[in-house]
Amino acid sequence: MAFNGTLASADLFGGNSITWDHQSLGSGTSELPTASSESRAGLDLEDARASSSLGPGHNRDQDYFKVEILLFVAALSLGFKLYNRRVPRQGILHKATSFLSTMALLTSISLLLTSALLPSGASGHNGEPAVPVKSLQTASTTIREVPQFTVPASADFGKNVKPNIEDSLAVDPQVVCPGYSASNVQNTKNGFTADLDLAGPTCNVYGNDVEQLSLLVEFQANERVHLQIEPRYISKENATWFQIPEVLVPKPQNNPLCEEHDSDFVVSWSNDPTFYFTVKRKVTGDTLFTTEGSVLVYEDQFIEFVSPLPKNYNLYGLGEVIHGFRLGNNLTRTLFAADVGNDIDYNIYGSHPVYLDTRYFTADESGQLTYAPYADDKAARYTSYTHGVYLRNAHPQEVLLREPGITWRTIGGSIDLYFYSGPRAEDVTTKYQESAVGLPAMQQYWTLGYHQCRWGYTSWQHLQEVIDNFAKFDIPLETVWADIDYMKKYRDFENDPQLWNYTEGKEFMNKLHKNHQHWVPIVDSAIYAPNPEDENDRYPTYERGLEADVFVKNPDGSIYYGAVWPGYTVFPDWVGAVLGEAGTIDWWMDEIARWRKNITFDGIWIDMSEVASFCVGSCGTGNLTLNPAHPPFHLPGEPGNLVLRYPEGFEKTNRTEATSATMAIITQSYGTAATAVPTVATATATEKEVYRTKPTLGARNINWPPYAINNYHGDIAVHALSPNATHNGGYVDYDFHNLYGHQILNATYQALLKVQKGVRPFIIGRSTFAGSGKWAGHWGGDNESLWAFLYFSIPQALSFSLFGFPMFGVDTCGFNGNTNYELCSRWMQLSAFFPFYRNHNAIGAISQEPYVWSSVIDATKSAMAIRYALLPYIYTLMTQASLTGSTVMRALAWEFPNEPWLADADRQFMLGDSILVTPCLEQGAETVDGVFPGVGEGGEVWYDWYTHAKVSVGVTQGQNVTIEAKLGHIPVYVRGGKVVPTQEPGMTTTESRMNPWGLLVGLDGSGWAEGRLYLDDGVSLRPEEVSWVSFTASNNFLKVVPLGNYPDANPLRNATVMGLEHDPKQVWLNGEVLDQTHWSYDAGRCVLDLFELKDKFPGGAWIHGWEITWE
């Protein structure tokens, strides 16, 4: 829950627009959530229900929102960039003032007039509001009383460092450093080694040159080669400067049977003019990576190696980042875990130093391949090859994508590269997971249901009201979540004794579990340090942690005290638990076990795990008597930080009125003396001086490294543990920062194995590293209620598929800011096709549960009906991902690798290999453009999910087709050649699993289809009863072959065969004639429907094999 509203500087209301539909003012057409008079969060006037429909006891006089509207304008013009952050971003306001003021002006008159003119007796869209007023109130009134002491904002200010990439005084190491020379080359069974020595005088540009290095090349498997460069002499004292302990991040291992001649790669080297290495693909001769033409720079705090890339390259990965799926030029990817929101192009929560590189070629008559940088000729035939590159390095780093190639810079660690040959993207991702990071955690079946959360659910009673409203409107609900509201003064492992007490919680959980629903609470990564002068402030979790010596320390051995939600806090020492003697993991497991005895949660949500601290250094040292303390910023909904922003398009129908409000807004924002929009201040001689450091001979400067990475927060100590924070065993956080979130997920996984024996742990984590997916899923973090982030959710999901996280989702409808019915309708439908499906938003914003708006109810039910029908298919995909490393959400370019026009397609995606999703992502649109991949010469056939009719007839290869997508409809298609198992949807996954089965068969151009289904109990870590069911179909049969022992007793109700060109005259089931009351054929759609078959499968659809035939 890092608060950060930063977008591109011109993106107020995210892309220059805010929408207000005039229809919302017409009687009988408005669809609006209410906002209570107490919330002071404003009213989305596009969506607002008339006050007359709010129910008995409502004070209409307080619902004109004049005060809220004025505050809306002031908050927008003064602080959009700061509006919803948990830590203020330095230096933004003076840059954005002019633009923010102008944009705010464009909205005021419409808002002011509407607040005055909205008729008190106007009817809502459907008369009565969807839910009672109490349930729709925003949560600002639930914020706890502000403590007496507030951590000063200045506590989170660091040095004014400037990223080297932006510093005109920065030295280019390629100009001043000499490179290395290789010697003593020795062949090994599966590669070679060499010594590398500095080829000239030391440059010591951003650290101390390491003058003697070792090179290791290993052909580890046919499809994988390892290239490592590290210091020749490493001692115990400096080992972690350069090496990641394998106990934290395992190294891929050699296949003892692999030798160099078996490899897909050729690796060469030269000393002309200095050492460089080259990695080529053997079958094509294509150079995949080479440092030729550059010098290798290797210092104790700076490593740089450079490789050219082909023109118009296609790179993917290098996360975590909010960006289009395909990475382009002029992009700097910083890998440094940071507690921020979803800031475009900046470093955010996780660190994944891996990328895929896809290249397209044409072939002449002899088969000679030619690279095609602009492969846009739809009549040409292309062949693609994809390879992967993984740098096993956890230190802070940058990857610069600039013409003519890629520059990798890291401020520690070593060059520990792994190349994967592919040649398909799916080959790279599976081998990467199998060899390097581990296969994804298998999820419980219920986790694929719908999850509802928000920061601002105030009590067990409030949660129950939410659950009841889902039931009232017949919207499936699987899991409710609790943010930090449930905690006693924001402390881990303790519930608020009044509103979230354990007695009431037990009753709540019993009722919830009886209804086959679930509860997941948040657990933050810092532990409150109680006030030593207040006996009532004692905190046993902290006391037991002190006794077990589990907390990170200062260099002098004292406890490191930072600041997070409860005030001054300590931080569990995960590195010291593994490398030293800290008892952190056992303590963590014990605390979770103790807590679960009080409340039987079903999973854990790990947050703030980068790890975040709201101050620089050990700011709590000597200040614990001030605890509990308020964070050094306003929480959303508090005065000065009202949540009043709405999605793009809000101003489109109100330009005239908005222009008239210019002077009023300036006066409101800047005082009565203001007469014009203030200008943006320019830099002057008094601007704060940039802080730069130089290397220190024989030592590292870890607090302010000489090379300043392009970190969102600037100084790497800001809003994080200080680099010199010390772990048990003497290890410093500088060397392990990016692994904090990784290791807390490991510990939490072990804890849940202990408290839920034999059950698959369910964990969603925020900060991740390469390999975290083997313990947890991931959500996309604190996104924005903006149309831009509806789109960004797709490339973010596809990237995490690449990283090995099939269990991924985003905060549906947006976290920061207010959503509206149109955006939420589209988002609820899009997220229905993400494996992790959760709606979550911030305190102080309007409610955004799907039952708030009637149109969102309809859109949600429509999409959920598809999702829940597809649960068996999705669960099968998740199982295959866990077993083999395959992906669940897939880029079109992965499934159709020889269509280069799909290289940057990230507005559509595949769910597995059978389902194509083409969402509408633009405000106000009623159509969407999409491609049907594989058509034309590829021969692919596509069927509409809703009508079962062929939709790809007449579509040419790569053609953009305009598809109808009115609000409430998401286009979904079934791929020919696939059999998709379905199950009738229920209100929970348990209910769904007890319903009859169905089969959706899409024949391909040759009249063939196949598919698979996996069955188990959906819970067990190692299920004893499992079944795999195989499906095959053709123009005259549908055949089922089960294998296994899972006792599913649900019958088959129906099957649909799409693309059947001829009219069946007779149908048989296992050789017996099937009465025509059980089947029909539609010649216009070429669809055979088989229905009401339940009685034909009394023991269950998959107990025995069977065959339906027709002629």
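Me: How many aromatic pairs does the structure hold?
Reply: The model is predicted, so local features need pLDDT of at least 70 and side-chain atom pairs 80 or more, while totals for chains, interfaces and linings use all residues. Residues are numbered from 1 along each chain as its sequence is written, and side-chain values use heavy atoms, without hydrogens or water. Rings of Phe, Tyr and Trp (its six-membered ring) pair if their centres lie within 6.5 Å; planes under 30 degrees apart are stacked, over 60 edge-to-face, the rest tilted. The number of aromatic pairs is 65.

Me: What is the angle between the planes of Phe289 and Phe419?
Reply: The centres of Phe289 and Phe419 are 5.7 Å apart, and the pair is edge-to-face. The angle between the planes is 65°.

Me: How many residues apart are Phe289 and Phe419?
Reply: Phe289 is in strand 8 (residues 287-290) and Phe419 in strand 18 (residues 415-420); strands (E, at least two residues) and helices (H or I, at least four) are DSSP runs numbered from the N terminus. The pair links distant parts of the chain, and the separation is 130 residues.

Me: Are Phe289 and Phe419 buried or exposed?
Reply: Buried means under 20% relative accessible area, exposed over 50%, and partly exposed in between (1.4 Å probe, protein chains only). Phe289 and Phe419 are both buried.

Me: Which residues touch the most other members of the largest nonpolar core?
Reply: A nonpolar core is a set of buried Ala, Val, Leu, Ile, Met, Phe, Trp, Tyr and Cys residues joined through side-chain atoms within 4.5 Å. The largest holds 247 residues, and helix 16 (residues 787-803) gives the most to this core, with 11 residues. A second, separate core has 42 residues, including Phe275 and Tyr355. In the largest core, the residues that touch the most other members are Trp588 and Trp1102.

Me: How are helix 18 and helix 19 oriented to each other?
Reply: The axes of helix 18 (residues 854-869) and helix 19 (residues 871-884) come within 4 Å and cross at roughly 55°; axes are lines fitted to C-alpha atoms over the stretch in contact, with angles from 0 to 180 degrees between N-to-C directions. Contact (heavy atoms within 4.5 Å) involves residues including Tyr868 of helix 18 and Pro872 of helix 19. Angles under 35 degrees are roughly parallel, over 145 roughly antiparallel, 65 to 115 roughly perpendicular, and the rest oblique. Helix 18 and helix 19 are therefore oblique.

Me: How many residues of helix 17 are buried?
Reply: Helix 17 (residues 821-831) is mostly covered. What covers its buried residues includes helix 16, helix 18 and strand 34 (837-839). Among the buried residues are Glu822, Arg826 and Trp827.
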